[in-house]
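User: Please take one part of this model and go through it closely. Keep it brisk, and state the cut-offs as you use them.

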Amino acid sequence: NAGVTQTPKFRVLKTGQSMTLLCAQDMNHEYMYWYRQDPGMGLRLIHYSVGEGTTAKGEVPDGYNVSRLKKQNFLLGLESAAPSQTSVYFCASSYTGEGDTQYFGPGTRLTVL
Amino acid sequence: AQKITQTQPGMFVQEKEAVTLDCTYDTSDPSYGLFWYKQPSSGEMIFLIYQGSYDQQNATEGRYSLNFQKARKSANLVISASQLGDSAMYFCAMRALYNFNKFYFGSGTKLNVKP
């Protein structure tokens, strides 16, 4: 039982390049989330999904796209990376109950030069 | 709109003493969940404790307890008998049950435990 995994763990991009971050969970969770964490700002929700084939915008969606073609995977894409997207990205998943916590991946540290 | 406020950017506590980390929240939803997470310097997010909005008693998990005051919309985390390993960032979060189960996080409190 691996929980929530993220690929890659580190990445350096040049401005304008694109990339995809992969999140995978093996707990059969319905909900999945992508966050970014910047110093002093806590976690901010980028996009989320309430089930396979669904996605929705969070608090800071601009510059990102997502897809959830399979229940266990949630992909985050950057089409044209900008230095403002330098951050640590966390994926999380959860069951649907009120008391169900989110389970987080280890994070991806992205630097855009 | 939902909002979580943590007003203590950093705190120090002496080893073996108790410490309270503040968290206030704002929501108009009748039902919600409140969570605390720990983030050590290694970066992972660790779930600590949960409190439901209809729970009458304060939640406890080992050395962690949640001081829930619904009328004041506060959900403070109390850590008893602090240990050096408690040094970390602590985040308060709220699960919005009426808003697609989205989680809203505070900006965090950096706790340093002194020997």
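Analyst: Across the interface of chain B and chain A, 8 residue pairs are in polar contact, with both residues at pLDDT 80 or more. A polar contact here is a pair of N or O atoms within 3.5 Å; within protein, one must be able to donate a hydrogen and the other to accept it, and residues adjacent in sequence count only if both atoms are side-chain atoms. This is a predicted model: local features need pLDDT of at least 70, side-chain atom pairs count only at pLDDT 80 or more, and totals for chains, interfaces and linings use all residues. Residues are numbered from 1 along each chain as its sequence is written, chains are lettered from A and ligands numbered from 1 in the order written, and side-chain values use heavy atoms, without hydrogens and water.

The salt bridge count between chain B and chain A is 0 (side-chain nitrogen of Lys or Arg within 4 Å of a carboxyl oxygen of Asp or Glu). Chain B brings 21 residues to the contact and chain A brings 22 (heavy atoms within 4.5 Å). Together the chains bury about 1700 Å², with 56% from carbon and sulfur atoms (accessible area lost on being put together, 1.4 Å probe, summed over both). On the chain B side, Met45(B), Arg95(B) and Phe105(B) lose the most area to chain A, together 28% of what that side buries.

Which strands of chain B supply at least two residues each to this side? They are β5 (32–39), β6 (46–52), β10 (88–96) and β11 (102–105) (strands are DSSP E runs of at least two residues, numbered from the N terminus). β5(B) gives the largest share, 4 residues. By class, the chain B side has 11 nonpolar, 8 polar and 2 charged residues.

His47(A) sits in strand β5, residues 43–49. His47(A) is buried, at 6% relative accessible area (buried is under 20%, 1.4 Å probe, protein chains only). Its side chain reaches the backbone oxygen of Ala56(A) at 3.2 Å. Leaving out residues up to four places away in sequence, His47(A) touches a set including Tyr33(A), Trp34(A), Tyr64(A), Asn65(A) and Phe74(A).

Gly77(A) belongs to strand β8, residues 73–78. Gly77(A) is also buried, with 6% relative accessibility. With the sequence exclusion of up to four places, Gly77(A) touches Met19(A), Thr20(A), Gly63(A), Tyr64(A) and Asn65(A). Gly77(A) and Thr96(A) are 19 residues apart in sequence and 25 Å apart in space, C-alpha to C-alpha.

Methods
Buried means under 20% relative accessible area, exposed over 50%, partly exposed in between (1.4 Å probe, protein chains only). Buried area is the accessible area (1.4 Å probe) that two parts lose on being put together, summed over both. Ala, Val, Leu, Ile, Met, Phe, Trp, Tyr, Cys and Pro count as nonpolar, Asp, Glu, Lys and Arg as charged, and the others, Gly among them, as polar.
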